[in-house]
Amino acid sequence: MNLIVCKDLSKTYGKTTALDHITLSLESGRIVGLVGPNGSGKTTLIKLIEHLLVPSSGEILVEGMAPGKDTKRLVSYLPDRDFLPEDMKLETLLDMYVDFFDDFNRAKAEEMIKSLGIQKSQRLKKMSKGTREKVQLILTMSRDAHIYLLDEPIAGVDPATRDYILNTIVGNYNENALVLISTHLIADVEKVLDEVVFLKEGQVYLHRNADDLRTEKGMSIDSYFREVFKC
């Protein structure tokens, strides 16, 4: 089932074109890497799906609907920066997620938090960057969503935290859901990917099954990415 469909989709900011007439369909039950250099349109596409932006032209559909109030309950979104109030205690954040999201699985979130040895009475500002990243991901992945949008989830964290984040993604998403991971750190992510979408200058350069691409090119996705985007 196609959960996300883009038809001739474009987004411009003044005279700058971020997405240029892209056509793309993404199915359920897949972990998809959305890759490309900075400025290729990855975050713009994710924000269009989440309805933080609106298209300049063309169409985008989330489960057959234009992004809006009705699709937000289907999508769990992790931005590319800290987004939670740093003065808030973790316990209060859990309460807030229960109030805001009908599909939030508090028991799952608390189990993961406990496994990390994080105290629910702790405030975010007292946590390390890596721990905050883990908490934000736990809250995102503890929703029983249809679509998970993860924008640069492993950028700027240490290798051990990256491993935890990737294992959490693989171990906690609904098998009928779609996980879309935006990243430029291909080597760290490609082992979990079912498909990969390369964005280049706002256009879809390729959309392929990850294993098929490796077999066809005789190299890792990271190596092929470096070849395509070499300076």
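The chain carries 30 positive and 35 negative side chains, with the centres of the two sets 5 Å apart. Lys and Arg count as positive, Asp and Glu as negative, while His and the chain ends are not counted; each charge is placed at NZ of Lys, CZ of Arg, CG of Asp or CD of Glu.

The model is predicted, so local features need pLDDT of at least 70 and side-chain atom pairs pLDDT 80 or more, whereas totals for chains, interfaces and linings use all residues. Residues are numbered from 1 along each chain as its sequence is written, and side-chain values use heavy atoms, leaving out hydrogens and water.

The C-alpha trace spans about 45 × 40 × 35 Å along its principal axes. Of the 231 residues, 49% are buried (under 20% relative accessible area, 1.4 Å probe, protein chains only).

Two nonpolar cores are listed below; such a core is a set of buried Ala, Val, Leu, Ile, Met, Phe, Trp, Tyr and Cys residues joined through side-chain atoms within 4.5 Å.

| Core | Size | Residues included |
|---|---|---|
| Largest | 31 residues | Tyr148, Leu150, Ile169, Val179, Ile181, Phe198 |
| Second, separate | 26 residues | Ile49, Tyr77, Leu180, Leu199 |

Ile181 touches, among others, Ile31, Leu34, Leu150, Ile169 and Val192, a contact being heavy atoms within 4.5 Å.

Conventions:
Buried means under 20% relative accessible area, exposed over 50%, partly exposed in between (1.4 Å probe, protein chains only). Lists of a residue's contacts leave out its neighbours within four places in sequence.
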